[in-house]
Amino acid sequence: MNPPVRINPETGLKLFNTRAAKASEKIAGKGYSVLTDQKLKELPELPAGATFNAEEQAKYRAFKEARRGAADYMAMEGEFKKYLDDVYSEPPIPREALTDTCEILVVGAGFGGLLLWHKLSEAGFTDVRFCEKGGDVGGTWYWNRYPGIACDVESYSYLPLLEEMGYVPSMKFASGFEILEYCQNMAQKFGFYDHCLFHTTVEATTWDEASGRWIVQTDRGDRMRARFVLLANGILTTPKLARIAGMQKFRGKSFHTSRWDYNIDLRGKTVGIIGTGATAVQAVPELAKIVRRLYVFQRTPSSIDVRDQRATTDEERATWAKEPGWARARRARFSKISAGRTAIQANDDYLAGKIPEIKKPKKYERVLSPEELLQKQLDSNFRIMEQIRARVVAIVKDPKTAAALKPYYPYGCKRPTFHDEYLQTFNLPHVHLVDTAPHGVSEINERGVVHEGVEYPLDVLIYATGFQWMGTSTFNMITGRGGRTLKEKWEREGTKTFLGLHSHGFPNLFIVTGPQGGGGSFNFTDAIDAHGDYVVWMLQTMRKAGAHIVDVRKEPEDVYAEHCRDVDIATAPLRDCISYYNGEGNAAPGSLAYYGGGKWHKYRIAAQSTLEPYVFEGGDLTDSLAAE
Ligand SMILES: Cc1cc2nc3c(=O)[nH]c(=O)nc-3n(C[C@H](O)[C@H](O)[C@H](O)COP(=O)(O)OP(=O)(O)OC[C@H]3O[C@@H](n4cnc5c(N)ncnc54)[C@H](O)[C@@H]3O)c2cc1C
């Protein structure tokens, strides 16, 4: 077996062997089952003519205002740090601390890291090193292994490089376990493992002006130097906990859904799950199949749309085998309809390229003002939510439970969810929804959860309380020019980036799918793809010209940040609720996700053709400009 660090005799570069062994064979999860009951897979009729009138608007507002200030999350520190332990891998492989230099250092080995490696190595960049906190690749799909986990974007469009991998996912919505295996297979096939330091958390990244390099320090004692640093550390990586009085007192077993502890046998147990976001919606139906009694503690209901899970058909396999580029073409079609829910329920015939358009764009008799257009969008959004609320009533038998499960906010304001078993689960006699609206669970004691004076004794308590969203500036201490950290800069000036990828004063740093990063859509691997292409273009441009440092100028960054703020404000009525997408209602406009759609590409293309936003050091960029 190879040592953890060795030298490639041909290139002189270091190669690694740090992938950790599996911690347990007990993990044998799967995603959704395929349902045959058509009633559970249908939505009631779309209510024609229903409008988002003053009365309905007031209802939405009251729902939102009642919850204002209720979200109080805390980091997993001190006694709660144990919830972050890597339960999936054996302890880290011992290795020497590294103090050498590489050209490109990438933080993260999820789809971001994997796709970057594929693109960089294809473009001839080989001196690339990855640091990954976990014991293996996969990122999101390494950490999240709860029962029922599956992707929400159809897997034929979500999984990247299907043609290169010669793979067809087994289900329309592949389970997280299948996706994890796919990531591992990608890593094997493209030689990724040789380049990755697993169980290595980057703690500080500091720009050294004198050498024009980043100094990267890790929790393994490394102090490496890199010309370029690429942050591919994900948008939903850091789990968070709701702060609840007395939570440290609980004497039963407990864990967060992103570190699912399969050593705890849940069979025959009384289990409580706090949180009803996208994770809980997938996990609750599976939990209900195992446990003796299940309490689901809900503050705000999710919108539960139709899933319609199915296995990949023999016909699809046969057709795709004969169609080179089938997945790329499908993914491109998917991106055209991915603005929300149509993406999920997209017509297979359209995605398969059998029909040219899923739906004709609506034509109005006259040109509508932006306000009128927004009202139209709000009305159709309202009708979708009416349909989703009607679905709750059609499925859930107990009227009180059904009422509590109805969401009152615009579709897409919180992360939309899709499931055909979740609502039905609440008809089971051993499953109880505990409605803790609007403020959430108020107390936890030695025995379990207490709400409104009622104690719910539990054997196991599961926190499905989600993740920090878009926390790039806080992942590790990133110190740029003049000793200023990215966190300080953004706290003082608001989030400031160019394309989401650069931030002025942080040369040779690329942020993949961070705040203000557009170019993708509902399908995150699309954004990773677009950002990866951009990074490779920039590195190639610099290599060709002999440039070694790139920073972005302040003015274009200010203009871009203002653009992000403007589009966020203009589209905010469509996201008018308390949600992690808007920092629980507290985020400054334009500081988190990007809402400008295709305009990101316009900014990018303009920048790439004029090179105006950038300041390069070393080399001559004249030829690159002429080539564009
Ligand atoms: C449960 C769940 C389901 C999802 N389903 C979908 C879906 O259906 N469709 C979709 O488009 N998106 C989905 N997402 C979003 C998903 O995160 C992205 O699709 C994609 O997997 C992100 O890949 P990434 O590599 O950018 O980030 P990640 O997969 O989050 O990987 C980042 C990696 O960086 C590592 N890391 C972070 N900080 C450090 C550090 N300081 N040092 C070292 N390593 C570090 C982390 O350990 C992690 O492994 C889902 C997210 C979750 C949580």
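Is Thr-513 buried or exposed? Thr-513 is buried, with a relative accessible area of 7%. The close-ups below come from a predicted model.

View 1. The side chain of Glu-132 has an N or O atom 2.7 Å from a ligand oxygen. A backbone N or O atom of Thr-140 also lies 2.7 Å from an oxygen atom of the ligand. For Phe-111, a backbone N or O atom is 3.2 Å from a ligand oxygen. On its own, the ligand has 980 Å² of accessible area, and the protein covers 98% of this.

**View 2. The shell around the ligand.** The ligand is surrounded by 34 residues. The closest are Gly-112, Thr-140, Asp-152, Tyr-158 and Phe-524. By class, the shell holds 17 nonpolar, 13 polar and 4 charged residues. Which element gives the most to this shell? That element is α3, with 3 residues.

**View 3. The second largest pocket.** This pocket holds about 610 Å³ of space. Its lining counts 24 residues. Nearest the pocket centre lie Gln-468, Trp-469, Met-470, Gly-471 and Leu-592. Helices α15 (472-475) and α16 (486-493) each supply at least two lining residues. The largest share, 3 residues, comes from α16. Sorted by class, the lining has 11 nonpolar, 9 polar and 4 charged residues.

**View 4. Met-470 and its backbone.** Met-470 sits in the loop between β20 (460-463) and α15. Its phi is near 60°, a positive value in a residue other than glycine. Most residues other than glycine have a negative phi. Met-470 counts as buried because its relative accessibility is 9%, under the 20% cut-off. Met-470 is also among the residues nearest the centre of the second largest pocket.

**View 5. Thr-513 and its backbone.** The loop between β22 (509-511) and α17 holds Thr-513. Phi of Thr-513 is near 50°, again positive in a residue other than glycine. Its relative accessible area is 7%, so Thr-513 counts as buried.

**View 6. A cis peptide bond at Pro-438.** What is the geometry of the peptide bond from Ala-437 to Pro-438? The bond is cis, with omega near -5°. Most peptide bonds are trans. Pro-438 has its place in the loop between β16 (431-435) and β17 (443-444).

Conventions
Residues are numbered from 1 along each chain as its sequence is written. This is a predicted model: local features need pLDDT of at least 70, side-chain atom pairs count only at pLDDT 80 or more; totals for chains, interfaces and linings use all residues. Side-chain values use heavy atoms; hydrogens and water are left out. A residue is near a molecule or strand if one of its heavy atoms lies within 4 Å of it. A polar contact is a pair of N or O atoms within 3.5 Å; within protein, one must be able to donate a hydrogen and the other to accept it, and residues adjacent in sequence count only if both atoms are side-chain atoms. Accessible areas come from the Shrake-Rupley method with a 1.4 Å probe; for residues, only the protein chains shown count as cover. Helices (H or I, at least four residues) and strands (E, at least two) are DSSP runs, numbered from the N terminus. Ala, Val, Leu, Ile, Met, Phe, Trp, Tyr, Cys and Pro count as nonpolar, Asp, Glu, Lys and Arg as charged, and the others, Gly among them, as polar. On a 1 Å grid over the protein atoms alone, a cavity is a set of points where a 1.4 Å probe fits but cannot get out, and a pocket is an open set with protein on both sides within 12 Å along at least five of seven lines; lining residues have an atom within 4 Å of a point. Grid points are joined across faces, edges and corners, and a volume is the space filled by probe spheres set on the points. Buried means under 20% relative accessible area, exposed over 50%, partly exposed in between (1.4 Å probe, protein chains only).
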